[in-house]
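Subject: Structure for you to look at

Hello,

Here is the structure I promised to send. Please open it and keep it beside you while you read my notes below.

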Amino acid sequence: MQALFTSDQEMIADTASRMAKGGLARARALLNGASPEGSPDGQLIEGWSALGVPEAQGGSAGMVEAALLVQALGEAGEPGGFLTHFQSVHALAGAGLADRLLGSGARATLVDEHGVGAARKSALVVERTGTRWRLREAAGWEAVRSVDPARLAGRVTPGSVIAEGEDRGHGLERVQVLLAAEACGVGRGAIRIAAAYATTREQFGKPIGVYQAISHRLAHATADLEAAWSLTLHAAWALEGAPELAVKAARMAKAAAGTAAIYACEACVQTHGGMGITREADPHLYLKRAFAIDAAWGRAAALNREIGSALLSS
Amino acid sequence: MDFRDTPEQAAFRAEAAAWLDEALRGFAHASDGKAREEQSIAWQARLHRDGWAGIAWPEAYGGRGLGHVHDAIFNEEAVKRDAPMPINVIGVNLVGPTIMVHGTDEQKKRYLPRILSGEEVWCQGFSEPGAGSDLAGLATRAERHGDEWLVNGRKIWTSWAHRAQKCILLTRTDPAAPKHKGITCLLADTRDFEIRPIIMINGDSEFNEMTIENVRVPDAERLGEINAGWPVATTVLTFERSGAALMLQVMAQQVLDRLIGAIRQSGRSDDPLLCAQLGKLASEVESLRVSGIRIMSALAAHREPGAESSAVKLIWARVIQDITRLAIQEGLAGSLDDLGTSGSWWTDRYLRARAHSIEGGTDEVQKSIIAERVLGLPRSR
């Protein structure tokens, strides 16, 4: 049992938090139709796209590092296009094709079965058909309204196929683990701003965080997020350290993290009282992000049924 | 990051497993409580005889000199095999290590060997009818009379008191001081305590109420300085929380396995609602396992475990309560008429599980700890 972070891993988490500073402000800017300032997207895509990808495909470090990076971005509320690009790289890694995208120098968006993804300008897209991943050009983009208004979404007009291959290397599970890590971060970010608000907002002459009706809800959310984070780290480790466990571990992580993030974000809205239900305060940014993450590549509801069903039939 | 045993841990686990398989061959839990206690006494003696009592104790005190992780691995393997609870679990896990920290050389020599052998069984005289979550509000009075303390008061929820010879007892010695600063810890004989078993919600009587009237305890049996009993109590509580993570996980896994068996047997493996609920509960149980490994890894590296340790107790209590409730409400446990009667494993386990969110720090106390220490929220009291 040596389930501990190395100092290098802790450094990655710190660096990522620093880069993503101001993420919520950028999310608000996007929501208001302004262009976000100080986006770390370029830096992230340039320097971090290959993190956790197998070395043979041009990558470095491991999935735990990748999870730490994404968790930090989620916590900061970072809205940029790096995350969908990063997911695209890892999806392709399952088909042994990550180097094709990494080598192209272009940005990619991971699109769902409707061709919709969390960006609307990238030159490339990655899509899944059956159990295969496909990298193709994007011939054009149409803007799509998303549940998460602070992350531009688009529907692609697919162009020519560049590469495709069978997902023999847990590409789907890699994507699920990255989403789970982001969900953990989003939930943590929501709890962080809720705790900050509960410490300063006063009613009945005291900061509302004194009242256990407030603090215990946030503690409950924290416990669920910690459980989800442990499952996420375990799944990230399993992808490299125990591949035979990866499918179940990734499902559990994604389901638990999606559920915990949504609960945490709801708790954040409730803690903010009236301000929580406005677009003037930040809780809605986290809440909508949490739902968007849960909906992508395996909803908690469906994954839980799958997990239960697998246990009963094994 | 590695969630597997190190080669050294794996070797220790194999050694423990082999011994347990042998020692438990043909063992079955007795059906009545008294006989189960006898099994616990015999098990303590067996552990001691073969050198498995006090795995984390220093060799100088008769232990194996290994760490908490090894202790946890042994307990994990023992619980997996449904081994009996050793009678002196409080002595070995809590009292002994606390005496090692706060005791005099005399006390160490006098008590530690008899704890490991089970010759002297210990109980923990902490909670009182008026001092539960607010432990420092305890009122059992100890007054100094020459070389002795005269003790009067009541203690409650004392596990094993009816089988114990000794009690680690928190007393109020300075009622005028702030509540944390007027407590003294005594190592008392239970001989003169009046001990009444408390019948629990499921019919078992694990706990006792102790009435202490004019009981004399020599000052030589004081653990720590006068009015400095709170740090001693904190030491005990820290030991109570450190080693449990992996054992809790196994308990939850056993209840989950039973649920899986019950659903299969009922022919409802295709019920999508049941599948969804099972999937969620299984993930929570798995989270206890992987969080437990993270906690033990931190302890082994002499680091303070992170926020994951505060989550474990809350989720453990909740998931066992949820699993047992689901089994009963879905009719997997037999008839609801079973509730309150003996004979149904599920109703017994459900009723016992109501205590999980109360014993060892209530859910409310755990949440306040998270709110204050993890989230930095202002204290509510």
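Two strands pair if DSSP finds at least two bridges between them. Helices (H or I, at least four residues) and strands (E, at least two) are DSSP runs, numbered from the N terminus. This is a predicted model, in which local features need pLDDT of at least 70, side-chain atom pairs count only at pLDDT 80 or more, and totals for chains, interfaces and linings use all residues. Residues are numbered from 1 along each chain as its sequence is written, while chains are lettered from A and ligands numbered from 1 in the order in which they are written.

**The sheet in chain A**

Start with strands β3 (residues 124–129) and β4 (residues 132–144) of chain A. They run antiparallel and are joined by 6 bridges. One bridge pairs Thr129(A) with Arg132(A) of β4(A). Strands of a sheet pair through backbone hydrogen bonds, either parallel or antiparallel.

These two belong to an open sheet of 5 strands in chain A, with mixed pairing and the order β1-β3-β4-β5-β2. Which strands stand at the edges? They are β1 (108–110) and β2 (116–117) of chain A. Each has a single partner strand, so one side of each lacks a neighbour in the sheet.

Helix α5 (residues 82–94) of chain A lies across β1, β2, β3 and β4 of chain A. Its angle to β1(A) is about 75°. Axes are lines fitted to C-alpha atoms, for helices over the stretch in contact, and angles run from 0 to 180 degrees between N-to-C directions.

Helix α4 (residues 63–76) of chain A has 14 residues. Its first and last C-alpha atoms are 20 Å apart, close to the 20 Å expected at 1.5 Å a residue. The expected span is 1.5 Å times one less than the number of residues. Is α4(A) enclosed or open? It is largely enclosed by the rest of the structure, because 14 of its 14 residues are buried. A residue is buried if 20 or more other C-beta atoms lie within 10 Å of its own, exposed if 12 or fewer, and partly exposed in between; C-beta atoms are placed from the backbone. After α4(A) comes Gly77(A), with a positive phi near 75°.

Now find Gln9(A) in helix α1 (residues 7–19) of chain A. It has 18 C-beta neighbours inside 10 Å, so it counts as partly exposed. Leaving out residues up to four places away in sequence, Gln9(A) touches Val64(A), Glu65(A) and Leu68(A). Contact means that two C-beta atoms, placed from the backbone, lie within 7 Å. From Gln9(A) to His272(A) is 263 residues in sequence and 34 Å in space, C-alpha to C-alpha.

**Helix α2 in chain B**

Helix α2 (residues 33–49) of chain B has 17 residues. At 1.5 Å a residue it should span 24 Å, and its end C-alpha atoms are 24 Å apart, which agrees. Which of its residues are buried? They are Ser40(B), Trp43(B), Gln44(B), Leu47(B) and His48(B). They cover an arc of only 130° around the axis, so they sit on the same side of α2(B). That arc is taken from the directions from the helix axis to the C-beta atoms. The face turned away from the buried side carries the exposed residues Lys34(B), Ala35(B) and Arg49(B). The cover over the buried residues of α2(B) includes α5 (105–117) of chain B. Gly51(B) follows α2(B) and has a positive phi, near 80°.

**Strands in chain B**

Strands β2 (residues 141–145) and β3(B) run antiparallel, with 5 bridges. His145(B) has Glu148(B) as its bridge partner. Their hairpin has 2 residues between the strands, and Gly146(B) takes a positive phi near 60° there. Strand β3 (residues 148–156) of chain B also runs antiparallel to β7 (residues 207–218) of chain B, with 8 bridges. Here Val151(B) pairs with Val215(B).

**Where the chains meet**

In this model, 49 residues of chain B are in contact with 43 residues of chain A. On the chain B side, the elements giving two or more residues are α7 (245–265), α8 (272–300), α9 (308–329) and α11 (363–374). Helix α8(B) gives the most, with 20 residues.

Best wishes
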